[in-house]
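Dear colleague,

Please find the structure below. My notes on aromatic and nonpolar side chains follow it.

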Amino acid sequence: MPMKNLMNSTLKILVVDDDAVDRMAIERALNKTELKFELTEAENGAVATDILKNTAFDCIFLDYWLPDQDGLHLVKSFRSLGLTLPLVVLTGQGDEQIAVEIMKAGASDYLSKSRISSERLARILQNVVRLHRAEMAAVLANQRLRESNQRLTEQNQALAQQRAQIELQNRKLVEVSELKSQFLATISHELRTPMNAIMGFSQLLLQQYPDPLTAAQVDMVERIFSNSQNLLEMLNEVLDFSRVESGNLVLSLSHFNVDELTLMTVAELRALAVKKNLSLETQIDLENPLVFSDQECVRRVLINLLSNAIKFTDSGEVCVSLHALKNNENPEAECIELVVKDTGIGIPPEGLTYIFEPFRQVDQTVTRQYSGTGLGLAITASLVKAMGGTIRVESQPQVGSKFSVQLPRQVEAGLVPAVQVL
Ligand code: ADP
């Protein structure tokens, strides 16, 4: 507490002394100081105790020798009442011996009556009041600290509870998601068997043996066959997706010729392009066509990108190109880039942000023109990632799209989730 504050405030002082002359001596001495004060007098310990029950003081001046009890007991009794205010004991001549006891009992200071002067009184008063106020401030600060500690502990407990709840919810979500993947896998697997039967029997019918079919019947059976084929592809996509999503994807690594794989896959899908009058080009520019990766995964990636390019292009061309991305600093880390480019409907900018997410399509309406599950790109991206590669897309609506996949020429077994080397 700065001195100035102490000088400005009125100090409430209690003087406990049976001798009226001594009480007046204190008042006189205080009057000579610059301190503002309000004095209350008590002639013995009992009166002082009564007064203290109802009034708060800044300081007590207490005569050691009181008629009813000595200062030592009174100091102890005041302190035991929980009074923390400054207590200055006024001792007689030769009482210095008991001063130590008084201080131990909880007095703030002592002053020999024979040495009372206004300077000494003012100094002692200021010291004890200041000390007391500082102590009170420290007590208050400590209490606030304890309270905020308590609050923090409570908040921590609440946070811990919330975290436990979130963890529980997370576990439930994971379980539900696993159930969903399991459900997708089972359904698509179970539906494939009857679908294969439908396709097998339609092919048998198309052989027209032993009885020929009419042209209309042939047309119908052909439609059954091609629709079943579409449905089977979708089922395979769902099955692939649930496998990739559940983390059950195991890479089968081997050395293979990526040139040949590309040419064969393009040849497989050429019929689709021809049906739509699209030109389908292949540009291969690879000195060394040998790669060490998962052949089936690379094939699926190419099939997904190429079938999308053909599906979403109504006129013009689709081009598949393959080249090496040289890494001069580290030839071992060379990548192969596979690009599928089309002159199709393109993808609006906002679509580019979500088309790799499962079940997301630019046109999600039920009346959409292009069929599909919305899983192809999600599977593609997962397969590419599993092989340690990256996929990028550039597209402009009504101009076309370009999907490029960068794959390491050599998949490092340690970098991918689950690997089986053939
Ligand atoms: P699907 O083809 O079954 O709808 P995909 O995951 O393969 O699902 O593709 C997601 C969406 O991305 C497609 O529905 C389409 O909107 C868009 N898309 C993908 N490839 C192309 C492309 N070559 N041209 C235009 N849009 C494309």
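Which residues make a nonpolar surface patch of about 280 Å²? The patch is made by F183, I187 and L191. Patches consist of residues with over 30% relative accessible area and no salt bridge, with nonpolar side chains (Val, Leu, Ile, Met, Phe, Trp, Tyr) joined within 5 Å and like charges within 9 Å. A salt bridge is a side-chain nitrogen of Lys or Arg within 4 Å of a carboxyl oxygen of Asp or Glu. Areas are from the Shrake-Rupley method with a 1.4 Å probe, and for residues only the protein chains shown count as cover.

This is a predicted model: local features need pLDDT of at least 70 and side-chain atom pairs pLDDT 80 or more, while totals for chains, interfaces and linings use all residues. Residues are numbered from 1 along each chain as its sequence is written, and side-chain values use heavy atoms, without hydrogens or water.

F183 lies in helix α6 (residues 118-206); helices (H or I, at least four residues) and strands (E, at least two) are DSSP runs, numbered from the N terminus. F183 is exposed at 53% relative accessible area (buried is under 20%, exposed over 50%, partly exposed in between; 1.4 Å probe, protein chains only).

The whole structure holds four aromatic pairs (Phe, Tyr or Trp rings, the six-membered one for Trp, with centres within 6.5 Å; planes under 30 degrees apart are stacked, over 60 edge-to-face, the rest tilted). Y64 and W65 have ring centres 4.9 Å apart and planes at 85°, so they are edge-to-face. Y64 is buried, at 6%.

Regards
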